[in-house]
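Visitor: Walk me through this one, please. Keep it brisk.

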Amino acid sequence: MSRTEAKQRARVGIARLRHLIAGLLALVTAATATACTTGDDRPGIVVTTNILGDVTREIVGDEADVTVLMKPNADPHSFGLSAVQAAELERADLVVYNGLGLEENVLRHVDAARESGVTTFAAGEAADPLTFHTADDGGPEGEEGQPDPHFWTDPDRVRKVTGLIADQVIENVDGVDADTIRANADRYARQLTDLTTWMEKSFGRVPADRRALVTNHHVFGYLADRFGFEVIGAVIPSGTTLASPSSSDLRSLTEAMERAGVRTVFADSSQPKRLAEVLRTEMGGGVRVVELYSESLTAKGEGADTYLRMMRANTTAMVTGLTGD
């Protein structure tokens with residue numbers, strides 16, 4: 001090969017290299033532009049539980065990105081976070097969580113986010129929380145005076161929290177339109193008012209002598225307080241599913257059920273078979289276990305994929321279970 005031919009080949013190679021570099025730069029520029037237009041710079045709200053996540057999304061709409069940490073059908077008492085999710089908490093503009101000890105494996109991450117400067121809002125603490133009572137009063141033994149975290153079973157308290165979450169978003173999340181947030185919150189509050197009215201009418205069909213509740217653990221105290229029921233006991237005598245019943249707990253529960261003439265137990269949809277076996281062993285059969293969605297939304301299309309659908313499904317199941325319809 002002559003020197004002239006070598007120089008020509010070198011020039012061709014350099015030209016091709018420059019063309020390749022130019023193409024790569026164009027791709028990088030396009031990717032960067034795409035990232036900017038698909039919301040990478042949008043404000044972000046992180047919510048711990050999927051029930052509060054649904055409520056928050058109704059309020060926020062398209063004004064900000066809402067990330068929900070708890071998956072459908074999970075247990076809020078026991079679900080944990082990945083390292084990526086924990087990092088998301090510390091990058092959020094606002095963290096909304098239940099509090100009152102509900103998210104037992106997540107609260108330390110919420111605390112860490114708060115210490116790093118992230119604004120956090122404990123919805124349960126703002127919802128006029130009730131407290132557990134002694135075992136003699138139908139509440140979980142050993143938890144007297146402790147706040148009950150399951151406030152969402154009372155839609156009136158959820159309506160109050162709706163307004164407070166809207167306040168937090170407007171105050172702490174830059175770039176959102178306050179009027180839109182308020183309009184969304186007001187619309188959802190009206191839906192919650194309609195839900196309360198419908199639940200009152202539905203529960204009105206349950207006779208006074210059948211308004212006694214037994215559950216898998218103490219989760220419906222707020223519903224009982226709002227709609228005039230009595231919680232006479234729980235298979236797991238605690239406000240958390242992480243506890244487990246002792247033989248004396250089960251004996252006390254079955255005695256209370258016999259005294260009240262109760263043969264129906266309401267259990268979370270994830271635990272009915274195990275619960276039914278325990279009670280049938282203790283009471284000799286004849287126990288009916290009715291499945292409810294007590295602490296988690298389902299996946300889309302599975303019957304309780306929004307808070308409003310969850311509450312309507314539970315109300316219908318409870319009325320049917322207590323009246324025998």
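Guide: Start with a term: buried means under 20% relative accessible area. Also keep in mind that this is a predicted model.

Visitor: Is F203 buried or exposed?
Guide: The cut-off for buried is under 20% relative accessible area. F203 has a relative accessible area of 1%. That value falls under the cut-off, so F203 is buried.

Visitor: Is F229 buried or exposed?
Guide: F229 has a relative accessible area of 9%. Buried means under 20%. F229 is therefore buried.

Visitor: Which residue forms one aromatic cluster with F203 and F229, and what sits over its ring?
Guide: The cluster holds F203, F229 and F227. Over the ring of F227, at 4.9 Å from its centre, sits a charged end. That charged end belongs to R226.

Visitor: Which residue lies over the face of W198?
Guide: The distance from the ring centre of W198 is 4.7 Å. The residue at that distance is R312.

Visitor: What is the angle between the planes of F151 and W152?
Guide: F151 is buried, and so is W152. Their rings form an aromatic pair at 6.2 Å centre to centre. The pair is edge-to-face, and the angle between the planes is 75°.

Visitor: In which sense do β1 and β2 pair, and what is the hand of the crossover?
Guide: Strand β1 (residues 44-47) and strand β2 (residues 65-68) pair over 4 bridges, in the parallel sense. V47 stands opposite V68 in β2. From β1 the chain crosses through helix α2, residues 50-60, to β2. This β-α-β crossover is right-handed.

Visitor: What is the bridge partner of I45 in β3?
Guide: Strand β3 covers residues 94-97 and runs parallel to β1. The two are joined by 3 bridges. In β3, the partner of I45 is L94.

Visitor: What share of the residues of the protein chain counts as buried?
Guide: The protein chain has 10 helices and 8 strands. Of its 325 residues, the share that counts as buried is 47%.

How values were computed: Residues are numbered from 1 along each chain as its sequence is written. This is a predicted model: local features need pLDDT of at least 70, side-chain atom pairs count only at pLDDT 80 or more; totals for chains, interfaces and linings use all residues. Side-chain values use heavy atoms; hydrogens and water are left out. Two strands pair if DSSP finds at least two bridges between them. A crossover is right-handed if, with the strands pointing away from the viewer, the path from the first strand over the helix to the second runs clockwise. Rings of Phe, Tyr and Trp (its six-membered ring) pair if their centres lie within 6.5 Å; planes under 30 degrees apart count as stacked, over 60 as edge-to-face and the rest as tilted. Buried means under 20% relative accessible area, exposed over 50%, partly exposed in between (1.4 Å probe, protein chains only). A charge sits over a ring if NZ of Lys or CZ of Arg is within 6 Å of the ring centre and within 35 degrees of the ring normal.
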